[in-house]
Amino acid sequence: MGRSVGLRKGGLLFLCFVFILSLTLKLEVVSARTQEMRTETGVEIGEYYYEFGEDSLPRNREPKDIVKISSDRNKKEILVKQATSWNVVTNGKVLYYSKNKGGTGVIYKMDIKTKKSSKIISGKEYELLGGTNKYLYIAKVRHESWATSAYEVYIYNIKTKKMKLRKFSEPLGLFQVRYKNVLAGGTHSDFSNALLEVMSESGKSIFKVQAIDGFFVAGVVAYMQEYHKNNEQNVRYYSYDLTTKKKTKRDQYTYEAYQRHSNMY
């Protein structure tokens, strides 16, 4: 009897956590009047979604279309064909993207209303990773049989038009931008720890750890680490609060709740 009551209490607490998390994440939906730049595999602004085309896989680094779709899915417009961007970078009025032109990567800025694009910068193997109102994140990228990695990452100041190299200890396969912070993760082909680093939008390191994977959600970075005990591989789950700068150990259920909601937009 006592155990079943405890389980019910645990279940209720978990449901409350998911409910509160969902309310928090609803704030991620941005109104059409907002000027904040967003970096996601899909962005919802006002009555429109900006995302990669239906036949495109965001995690597949092959060129893909960027489309604008009405919330009722009745209107669809291709904004960019065969973009090489890792993420959709837009505020609903302006769209930043990259394309490959004969081996040269070109970064563009598009006025979504007029569909006119202007060149920002270009370079060999350049691809757009993400951006904020102030900065664009551009990388030299290698496409290999087992993984695609960003082996040089540059921070481009939109106002000054100056670019600086941001060094990481290993090539990157993960790149997210949210809450004016950047999450970068090392490339690895197996279930093992690799670099996971959070930095400010200007490139200052905030938090660094070795982890299997990680993602931004509801003001924290959720991540999991592998460790070995008695010659067996095990996993621990954590969250790092971007405001309090505190790390908290989590259980698998909480981590999975974070994971589900991180894919919402």
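At 9% relative accessibility, Glu-51 counts as buried, the term being used for under 20% relative accessible area, with exposed for over 50% and partly exposed in between (1.4 Å probe, protein chains only). Its salt-bridge partner is Arg-73, with the closest N and O atoms 3.0 Å apart; a salt bridge here is a side-chain nitrogen of Lys or Arg within 4 Å of a carboxyl oxygen of Asp or Glu. Arg-73 is partly exposed, at a relative accessible area of 44%.

The model is predicted: local features need pLDDT of at least 70 and side-chain atom pairs count only at pLDDT 80 or more, while totals for chains, interfaces and linings use all residues. Residues are numbered from 1 along each chain as its sequence is written, and side-chain values use heavy atoms, with hydrogens and water left out.

As for confidence, pLDDT is the predictor's confidence in each residue, from 0 to 100. The mean pLDDT of the protein chain is 86, and 83% of its residues reach 70 or more. Over residues 1–32 pLDDT stays under 50, and for this stretch the model has 33 contacts beyond four places in sequence. Contact means heavy atoms within 4.5 Å.

The protein chain holds 2 helices and 21 strands. Helices (H or I, at least four residues) and strands (E, at least two) are DSSP runs, numbered from the N terminus. Of the 265 residues, 47% count as buried. The accessible surface comes to about 14,700 Å², and 49% of it belongs to carbon and sulfur atoms; areas come from the Shrake-Rupley method with a 1.4 Å probe, and for residues only the protein chains shown count as cover. Among contacts in the protein chain with a separation of 6 or more, 37% are between residues 24 or more positions apart.

The salt bridges come next. Side chains of opposite charge can pair when their charged atoms come close. The count comes to 4 salt bridges. One of them joins Arg-178 to Glu-40, with the closest N and O atoms 2.9 Å apart. This pair links distant parts of the chain, 138 residues apart: Arg-178 belongs to strand E14 (residues 172–178) and Glu-40 to strand E1 (residues 38–40). Both residues, Arg-178 and Glu-40, are buried.

Phi of Arg-73 is near 65°, a positive value in a residue other than glycine. Phi of Lys-161 is likewise near 65°, again positive in a residue other than glycine. Lys-161 lies in the loop between strand E12 (148–157) and E13, and at 63% relative accessibility Lys-161 counts as exposed.

In a further salt bridge, the side chains of Glu-197 and Arg-166 meet at 2.7 Å, N to O. Glu-197 is in strand E16 (residues 194–200) and Arg-166 in strand E13 (residues 163–166), so that distant parts of the chain, 31 residues apart, are linked. Glu-197 and Arg-166 are buried.

The loop between E16 and strand E17 (205–211) contains Glu-201. Glu-201 is buried, with a relative accessible area of 13%. Not counting residues up to four places away in sequence, Glu-201 touches Thr-132, Lys-134, Tyr-135, Tyr-137, Ile-155, Lys-180 and Asn-181. The C-alpha atoms of Glu-201 and Arg-178 are separated by 9.2 Å, with the two residues 23 apart along the chain.

Ala-139 is found in strand E11 (residues 135–143). At 0% relative accessibility, Ala-139 counts as buried. Beyond four places in sequence, Ala-139 touches Glu-125, Tyr-126, Glu-127, Leu-129, Ala-150, Glu-152 and Val-153. Glu-127 is also one of the residues in contact with Thr-84, along with Pro-63, Ser-98, Lys-99 and Asn-100, leaving aside neighbours of Thr-84 within four places in sequence. Thr-84 occupies the loop between E5 and strand E6 (88–90) and is buried, with a relative accessible area of 7%.

Helix H2 remains. In H2 (residues 252–262), the residues Thr-254, Tyr-255, Ala-257, Tyr-258, His-261 and Ser-262 are buried. Seen down the axis of H2, the buried residues fall within an arc of 160°, so they line one face of the helix; the arc is that of the directions from the helix axis to the C-beta atoms. At the start of H2, a side-chain oxygen of Asp-251 comes within 3.2 Å of the backbone nitrogen of Tyr-253.

How values were computed: Polar contact = N/O pair within 3.5 Å; in protein donor to acceptor, adjacent residues only side chain to side chain.
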